[in-house]
Amino acid sequence: PPPPPPPPPFFFQADPGILHAQESRGLGYVYKRQPPWVVVIGMFLQGSGNGIFGSPNTSAVMNVVESNKYGVVSALLNMVRTSGNLTGIAMGTTLVVFTMASMDYPPDLSAIESAGDNPYGIGLKTAFTEGITRAFWIGTGIVGFAAIFTAFRPEKPIIKKKINKTL
């Protein structure tokens, strides 16, 4: 059988992290009266980073396992990705709620929708926006560190392995 394909170049593994960092940095500047196109561009960058990262990452992981373990490794990889997404959302929401509470507003995200343009409503929206800004800036730092770490990690040579046929 032919040898497995080489892992993707580091650019395709680190570049999505850079896109994610740019998206987080851009969304970190969002304020109350921001035009919607700014958010659309940030979400486009986020989706692009996710899409570009998925295939090379899966390929790199699958190249180091035996073919009879693909199902287990694929399930584990998807579970880890889902857990990471859930943890990130929970941490971001917690940061927003703590920021709102530290500015003496109730940590209730549903109150933002019904807040008016009176001084209390403006203050509540400002507290929410400040929390979102902090969450995106922290996310930018984490993703930026991960992208740099991925770009400069040492490459290990691919070891050709025997293919075990199971009947």
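Q: How many contacts does the stretch 1-14 have in the model, beyond near neighbours in sequence?
A: Over residues 1-14 the pLDDT is below 50. Where pLDDT is low, the predicted coordinates should not be read in detail. With that in mind, the model gives this stretch 26 contacts.

Q: What share of the chain's residues reach a pLDDT of 70 or more?
A: Taken over the chain, the mean pLDDT is 75. The share of residues at 70 or more is 72%.

Q: What pattern does the chain follow along the sequence?
A: The chain has 5 helices and 0 strands. Read along the sequence, that gives α-α-α-α-α.

Q: What span is expected for α5 at 1.5 Å a residue?
A: Helix α5 has 33 residues. From first C-alpha to last, α5 reaches 47 Å. That is close to the expected 48 Å.

Q: Which elements give two or more residues to the largest nonpolar core?
A: That core has 8 residues: V96, M100, Y105, A111, I112, A115, L124 and A127. L124 and A127 are also among the buried residues of α5. The elements giving two or more residues to the core are α3 (70-102), α4 (111-114) and α5 (119-151).

Q: What percentage of the chain's residues count as buried?
A: The chain has 167 residues and exposes about 11,400 Å². Carbon and sulfur atoms supply 70% of that area. As for buried residues, the figure is 28%.

Methods
Residues are numbered from 1 along each chain as its sequence is written. This is a predicted model: local features need pLDDT of at least 70, side-chain atom pairs count only at pLDDT 80 or more; totals for chains, interfaces and linings use all residues. Side-chain values use heavy atoms; hydrogens and water are left out. A nonpolar core is a set of buried Ala, Val, Leu, Ile, Met, Phe, Trp, Tyr and Cys residues joined through side-chain atoms within 4.5 Å. Buried means under 20% relative accessible area, exposed over 50%, partly exposed in between (1.4 Å probe, protein chains only). Helices (H or I, at least four residues) and strands (E, at least two) are DSSP runs, numbered from the N terminus. pLDDT is the predictor's confidence in each residue, from 0 to 100. Contact means heavy atoms within 4.5 Å. The expected span of a helix is 1.5 Å times one less than its number of residues. Accessible areas come from the Shrake-Rupley method with a 1.4 Å probe; for residues, only the protein chains shown count as cover.
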